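Please take a tour of the model below with a viewer open. Each stop says what to select and what is there.

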Amino acid sequence: MEVLSQAIEYAATNSDRFWEAVRVHVSISLYALLIAVVICVPLGIVCAKKQWLSGPIMGLFNSLRVIPSLAVLVILLPLIGTGFTPALVALTLLACPPVLINTYMGFRSVEPSIIEAASGMGMSGGRIMRKVELPLALPLLLSGVKTAAVEVIASATLAAFIGGGGLGTFIINGLGMYKFSLLLVGAIPVALLAILSEIGFALIERVSTRYAR
Amino acid sequence: MKKRLMTIASVILGAALVLSACSGSGSNGKPVVKVGSKNFTESLILGEMYALALENHGYKVDRKLNLGGTLVAHEALKKGDIDFYPEYTGTGLINVLELPPKSDAKEVYDEVSKGYKEKFNLIWLEPTNANDSQGLVTTKKVAEQYNLYKISDLSKVAPQLNLAAVPEFEEREDGLKGLNAFYGKMDFKSIKMFDYGIKYRVILDGQADVTVGFTTDGDLTNKDLVLLEDDKGFWPPYFVAPVIRSELNDKDPEIAKVLNEISARLDNETVQKLNAQVDIDKKEYAEVAKAFLQEQGLLK
């Protein structure tokens, strides 16, 4: 308990640095997630439509995912240096597979008979996508984004190793210095952010699937 | 057939039992020694040296090198997950025992020895002559541009410079906090943290201007880097020495003898050269450790 109050006190006395770290952590996670969604949702849809593409594309992203994020940072070092950008790339790679796979699964799970019925009613391809396929695939797609978000928020602590900043800074310092309170200054907000994103996406899921209830 | 299977199974089971019974100690009755180290080049080299020398004396060694920072290594030692690891007197004094800094090497060593024994029942073995103190490092270009060679010059030009900090530096009393109190506030344009392995690269690439060095860093042999003089004498001595659990030390005093033999052969220059072989020449730390011991005649 004492450790906790020390942690809070630290955050209060160093509020500039603390909020800056939170801001960097949130923005790096958000950007990584957005980029992953922009790249992987269309790719997932393409994979679902064109079966022969799904093998190579999914394989590629999954194999990239296998490289530990820390190793990705090291590999990128000579190419794009240090700081925000390489951390963003590593986190984007981490976020891609769940989004990709869930998009793919979501669109694959739409019954062909439903699409057939829609086109029988005279809907155009684009309309079927917007009005039928996307709403049906959305729950799975969103849960993929949710998984990715939690992973990214937790892993964004790694950015601190290469000058990317974020809450990992406090964790690394606390770990090195034998100071649990400092470690908590980083760890608790990371956990809270992860939980918040979980709740946030759960809400979005609820709202977006209202039609089903 | 069935009987045969039973025999084989019982032989395997028996062997497993015997093996597991032995795992607590080496085959010749000597204990298995669990060697730890922290997560940077120098500590890894030292840990490997200790491990090799003990193996050479017939001990079984369990290497638990590359533990995180001070916190992880110290906790592991207290719990008995490791039996000893190399620690720095200054770090023990300021960060573990949380005592005020001192500048006399002998006094610091005596104080940490006493404090560790009383508080944790841990023993500081004989120290090396390698003082891995901290320092601020800049590039030759920046030094010439700002006429920056001493830390006392830094507070004036700090607002124009970016600092590449390393883990712990911003938080430690013997880091930026204490430095600000001692030399006057240094208001750097920006402070970003980088891992130890890339800090010199960051300033050599111009992504920052000043970084934190350790005085035994191999990279400091590089002519393009300038170690700023600690002209007011801020940093305490950081002599490295193995810290060992006292039960093991009492049980088997030969271990201390083996380790002390290595410590006696290490000074600043030697350690800097060893670090350089890993950090600059990109050799494996295990090879570097082995080659050094062979050269010193400590390894058959």
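Two strands count as paired if DSSP finds at least two bridges between them. With that in hand, select strand S6 (residues 162–165) of chain B together with S7(B): 4 bridges join them, and the two strands run parallel. Keep in mind throughout that this is a predicted model.

**The sheet of chain B**

Stay on this pair and pick B:Leu163. Its bridge partner in S7(B) is B:Ile191. Now widen the selection to the whole sheet. In chain B, 5 strands make up an open sheet, in the order S7-S6-S8-S5-S9, with mixed pairing. Which strands stand at the edges? They are S7 and strand S9 (225–227) of chain B; each has a single partner strand, so one side of each is left without a neighbour in the sheet. Looking across the sheet, the twist from one strand to the next averages 35°.

**Chain A**

Next, colour chain A by secondary structure. The chain has 9 helices and 0 strands, and its pattern along the sequence reads α-α-α-α-α-α-α-α-α. The C-alpha trace of chain A spans about 65 × 45 × 20 Å along its principal axes.

**Where the chains meet**

Show both chains and select the residues in contact: 25 from chain B and 23 from chain A. Between them the two chains bury about 1900 Å², and 59% of that area is on carbon and sulfur atoms. On the chain B side, pick out B:Leu71, B:Glu171 and B:Met193, which supply 37% of the area that chain B buries against chain A, more than any other three residues.

Between chain B and chain A, 9 residue pairs are in polar contact, both residues being at pLDDT 80 or more. To see which elements of chain B touch chain A, select helix H3 (70–79), helix H4 (89–96), strand S7 (190–193) and helix H9 (199–204); each supplies at least two residues to that side. H3(B) gives the most, with 6 residues. Coloured by class, the side of chain B that touches chain A has 10 nonpolar, 5 polar and 10 charged residues.

B:Glu171 forms a salt bridge with A:Arg17, and their closest N and O atoms are 2.8 Å apart. Then select B:Glu170, whose side chain also meets that of A:Arg17 in a salt bridge, at 3.4 Å from N to O. B:Glu170 lies in the loop between S6 and helix H8 (176–183) of chain B, and A:Arg17 lies in helix H2 (residues 15–49) of chain A, so this pair joins two chains.

Key. Residues are numbered from 1 along each chain as its sequence is written. Chains are lettered from A and ligands numbered from 1 in the order in which they are written. This is a predicted model: local features need pLDDT of at least 70, side-chain atom pairs count only at pLDDT 80 or more; totals for chains, interfaces and linings use all residues. Side-chain values use heavy atoms; hydrogens and water are left out. Contact means heavy atoms within 4.5 Å. Buried area is the accessible area (1.4 Å probe) that two parts lose on being put together, summed over both. A salt bridge is a side-chain nitrogen of Lys or Arg within 4 Å of a carboxyl oxygen of Asp or Glu. A polar contact is a pair of N or O atoms within 3.5 Å; within protein, one must be able to donate a hydrogen and the other to accept it, and residues adjacent in sequence count only if both atoms are side-chain atoms. Ala, Val, Leu, Ile, Met, Phe, Trp, Tyr, Cys and Pro count as nonpolar, Asp, Glu, Lys and Arg as charged, and the others, Gly among them, as polar. Axes are lines fitted to C-alpha atoms, for helices over the stretch in contact, and angles run from 0 to 180 degrees between N-to-C directions.
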